[in-house]
Amino acid sequence: YFRGERMTRGLLFLVLLVSTFPLLAGNGGHGMGLLFRNPATDPHGRQVKTLTEVQAAKAGELPASYDNTAYLPPVDSQGGQGSCVAWAVGYYMRAEMENFAVGRTDPAQRALDCNRFSPAFLYNMIHAKGDNGGYYTDAFQVLATLGSCSWESMPYTDRDYSLWPSETAFMESMRYRTAANAFSPGPSDVGVDETYAYYWEKIIS
């Protein structure tokens, strides 16, 4: 449970997020950054499995909606850095997984730096040459092999993408490694429906 189910839950939350905001990008001083590897054509994209490869989703048992916002960290900004992938995976997804696992719903507790995950930990290791974004497949691989540390151990700044995590940050991150990865082709109605069905079957029901 503490690795496989938490990773599945968080990953499916991320897929829904990416499907809703396909570019995960901004303007007006806010950075962009999502780079995409198509698993169908790029061998590096095969670091993740499709949901149909993991398990076929059941149909006909889904509620009209489900709200998981009680487990999310407070909304924050990536600033001018191209770190949206690290924010989606490392900040929002990983925190939602952890908060759900431990039953942390108090907004004050979810806002503590020790309970928020650092986007810098991921982005500073996966960014393309220069501040040119990152691939979510790379972010998932870091989560599976190295985990992620808290904001407290590695505070985020959009002015430095080259700072390497400290020994303390690495030691902490190992406690938050994840397991299974999955991939859903999206954004599309089919991808979103498949993701939601799998999410409900494996995690909520």
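This is a predicted model: local features need pLDDT of at least 70, side-chain atom pairs count only at pLDDT 80 or more; totals for chains, interfaces and linings use all residues.
1. A crossing of two helices is called right-handed if the near helix is turned clockwise from the far one by less than a right angle, and left-handed if the turn is anticlockwise. By that convention, helix 5 and helix 6 cross in the right-handed sense.

2. Helix 5 and helix 6 (residues 136-145) pack at an angle of about 120°, their axes lying 10 Å apart. On the helix 5 side, Phe121, Leu122, Met125 and Ile126 make the contact, and they meet Asp138, Ala139 and Val142 of helix 6. Sorted by class, this contact comprises 6 nonpolar residues, no polar residues and 1 charged residue.

3. Helix 3 (residues 84-102) and helix 5 (residues 119-126) have axes that come within 8 Å and cross at roughly 140°. Helix 3 is therefore oblique to helix 5, because only angles over 145 degrees count as roughly antiparallel. The crossing of this pair is right-handed.

4. In the contact between helix 3 and helix 5, the residues contributed by helix 3 are Val85, Ala86, Trp87, Val89, Gly90 and Tyr91. Their counterparts in helix 5 are Pro119, Leu122, Tyr123 and Ile126. By class there are 9 nonpolar residues, 1 polar residue and no charged residues.

5. Helix 3 and helix 6 pack at an angle of about 40°, with 9 Å between their axes. These two helices are therefore oblique to each other, and helix 3 passes helix 6 in a right-handed crossing. Val85, Val89, Met93 and Arg94 of helix 3 make the contact with Tyr136, Ala139, Phe140 and Leu143 of helix 6. The contact residues divide into 7 nonpolar, no polar and 1 charged.

6. The largest cavity has a volume of about 40 Å³. Its lining is formed by Ala120, Asn124, Met154, Pro155, Thr157, Asp160 and Leu163. Of these lining residues, 4 are nonpolar, 2 polar and 1 charged. Ala120 and Asn124 of this lining fall within the residue range of helix 5, 119-126.

Definitions and conventions:
Residues are numbered from 1 along each chain as its sequence is written. Side-chain values use heavy atoms; hydrogens and water are left out. On a 1 Å grid over the protein atoms alone, a cavity is a set of points where a 1.4 Å probe fits but cannot get out, and a pocket is an open set with protein on both sides within 12 Å along at least five of seven lines; lining residues have an atom within 4 Å of a point. Grid points are joined across faces, edges and corners, and a volume is the space filled by probe spheres set on the points. Ala, Val, Leu, Ile, Met, Phe, Trp, Tyr, Cys and Pro count as nonpolar, Asp, Glu, Lys and Arg as charged, and the others, Gly among them, as polar. Axes are lines fitted to C-alpha atoms, for helices over the stretch in contact, and angles run from 0 to 180 degrees between N-to-C directions. Helices (H or I, at least four residues) and strands (E, at least two) are DSSP runs, numbered from the N terminus. Angles under 35 degrees count as roughly parallel, over 145 as roughly antiparallel, 65 to 115 as roughly perpendicular and the rest as oblique. Contact means heavy atoms within 4.5 Å.
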